[in-house]
Amino acid sequence: MKINSICILGGSGFVGRHLIPALANGQRKIRVLSSHPQRARHLLVSPGVELVKADVFDPASLRNHFTGFDCVINLVGILNESRAKHRGFRAVHVELPTLIAESSSAAGVSRLLHMSALQADSARGTSLYLRTKGEGENRIAVAGSSNLSVSVYKPSVMFGPGDKFLNRFASLLRMSPLMFPLACPNARFAPVYVGDVVEAMLQTLDAADAKGVHYELCGPEQLTLRELVQYTATNIGSTSYIVGLSDRLSRIQARILQWVPGKPFSLDNYLSLQTDSICSKDGFAQLGITPRSLGEIVPGYLGQSGQAARLDRWRARAGRNV
Ligand SMILES: NC(=O)c1ccc[n+]([C@@H]2O[C@H](COP(=O)([O-])OP(=O)(O)OC[C@H]3O[C@@H](n4cnc5c(N)ncnc54)[C@H](OP(=O)(O)O)[C@@H]3O)[C@@H](O)[C@H]2O)c1
């Protein structure tokens with residue numbers, strides 16, 4: 001199955017920023033559906049990419065946009081429910097993937113790549129993020145026709161230029177130069193480089209044996225949240241003292257911070273951190289990919305001077321590739 005045209009949802013975010021330039025080889029037609037296309041203008045520097053404003057929850061619009069495309073990629077996801085936007089976890093992680101699978105089949109699309117998350121499971125845990133992500137995986141498997149070849153990608157937390165994990169801790173550490181109170185310090189992760197996740201998606205894009213496969217994707221290191229934040233501090237030259245909070249204080253911090261604008265931490269985030277984000281199967285080994293370590297990538301973007309980091313943020317906001 002040769003994939004010549006791809007329609008992408010959620011492509012304006014962190015993963016899309018890395019995936020779309022890699023997919024755009026000049027021969028492929030790539031359509032990115034976005035609710036805010038003006039925020040994704042940086043994608044237009046890649047050849048063959050078009051940006052289209054769309055309501056991805058409208059079945060007629062989806063079917064219309066998918067018609068004539070070989071492949072659909074779903075990158076839409078939220079870490080927290082927002083009071084401003086009325087779409088919550090269930091709508092974004094369960095109803096939308098179902099609609100995407102149904103609309104793909106109706107439009108004659110043959111391939112669907114769906115981004116889920118490691119430890120997503122509809123039947124386990126109390127985090128709505130992980131449960132709804134798991135339910136989305138189940139629904140997508142049955143909603144599409146037998147002609148639709150679906151693959152699911154389940155990464156641990158991803159890092160890379162523009163990530164919202166290490167960069168967020170870097171910002172918080174800069175704001176707290178003396179002491180940094182850290183919830184759930186013993187939660188474990190296997191951080192994975194976004195470029196390696198992109199490589200897994202590229203390798204499996206038109207692979208006949210990828211149908212129905214779920215790829216768990218982890219980096220080579222397993223670290224606690226405390227170790228990751230300490231690593232971030234070292235990279236940015238912060239000497240802030242990291243104080244791990246007890247379980248009770250972590251819960252209290254989550255209850256308070258979920259009312260702060262932008263929800264830096266929520267009760268559902270706390271609940272998802274109760275499950276270690278560590279792979280039980282090695283999806284990269286299945287694909288012959290050697291995932292890169294933090295040390296190979298992170299110092300290249302996190303250790304930047306404040307001015308360079310500000311310039312990068314300005315480029316991202318302005319959609320400029322200069
Ligand atoms: N980043 C990680 O470490 C990580 C780890 C595991 C799994 N994942 C999953 O990987 C996928 C991509 O992650 P990401 O970091 O690239 O996410 P992101 O930067 O937050 O981007 C997600 C995109 O989804 C769209 N979106 C957000 N809320 C929406 C809503 N309520 N309705 C419709 N569209 C909405 C937005 O696109 P528009 O504004 O253009 O519509 C946004 O650009 C997500 O499914 C995420 O759950 C991420």
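The model is a predicted one: local features need pLDDT of at least 70, side-chain atom pairs count only at pLDDT 80 or more, and totals for chains, interfaces and linings use all residues. Residues are numbered from 1 along each chain as its sequence is written.

The ligand is surrounded by 24 residues. The closest are Gly10, Ser12, Gly13, Ser34 and Gly77. Helix 1 (residues 14-23) contributes the most to this shell, with three residues. Helices (H or I, at least four residues) and strands (E, at least two) are DSSP runs, numbered from the N terminus. By class, the shell holds 14 nonpolar, eight polar and two charged residues. Here Ala, Val, Leu, Ile, Met, Phe, Trp, Tyr, Cys and Pro count as nonpolar, Asp, Glu, Lys and Arg as charged, and the others, Gly among them, as polar.

The protein chain has 13 helices and 13 strands. Its C-alpha trace spans about 55 × 45 × 40 Å along the principal axes.

The domain assignment, automatic or from a database, gives domain 1 (5-161 + 191-217) and domain 2 (166-187 + 221-277 + 294-303). Their centres, taken over C-alpha atoms, are separated by 27 Å. The contact takes 17 residues from domain 1 and 17 residues from domain 2. Two residues are in contact if their C-beta atoms, placed from the backbone, lie within 7 Å. On the side of domain 1 that touches domain 2, helix 4 (residues 128-143) gives the most, with three residues. That side has 10 nonpolar, seven polar and no charged residues.

Buried residues (20 or more other C-beta atoms within 10 Å of their own, all placed from the backbone) make up 43% of the protein chain. A nonpolar core is a set of buried Ala, Val, Leu, Ile, Met, Phe, Trp, Tyr and Cys residues joined through C-beta atoms within 7 Å. The largest such core has 84 residues, of which Ile8, Val32, Val72, Tyr153 and Val197 touch the most other members. Helix 3 (residues 89-106) supplies the largest share of this core, six residues. Domain 1 and domain 2 each provide at least three residues to the core. Leaving aside neighbours within four places in sequence, Val197 is in contact with Tyr153, Pro155, Met158, Val192 and Leu217.

Notes:
Near = placed C-beta within 6 Å. Buried ≥ 20, exposed ≤ 12 C-beta atoms within 10 Å, placed from the backbone.
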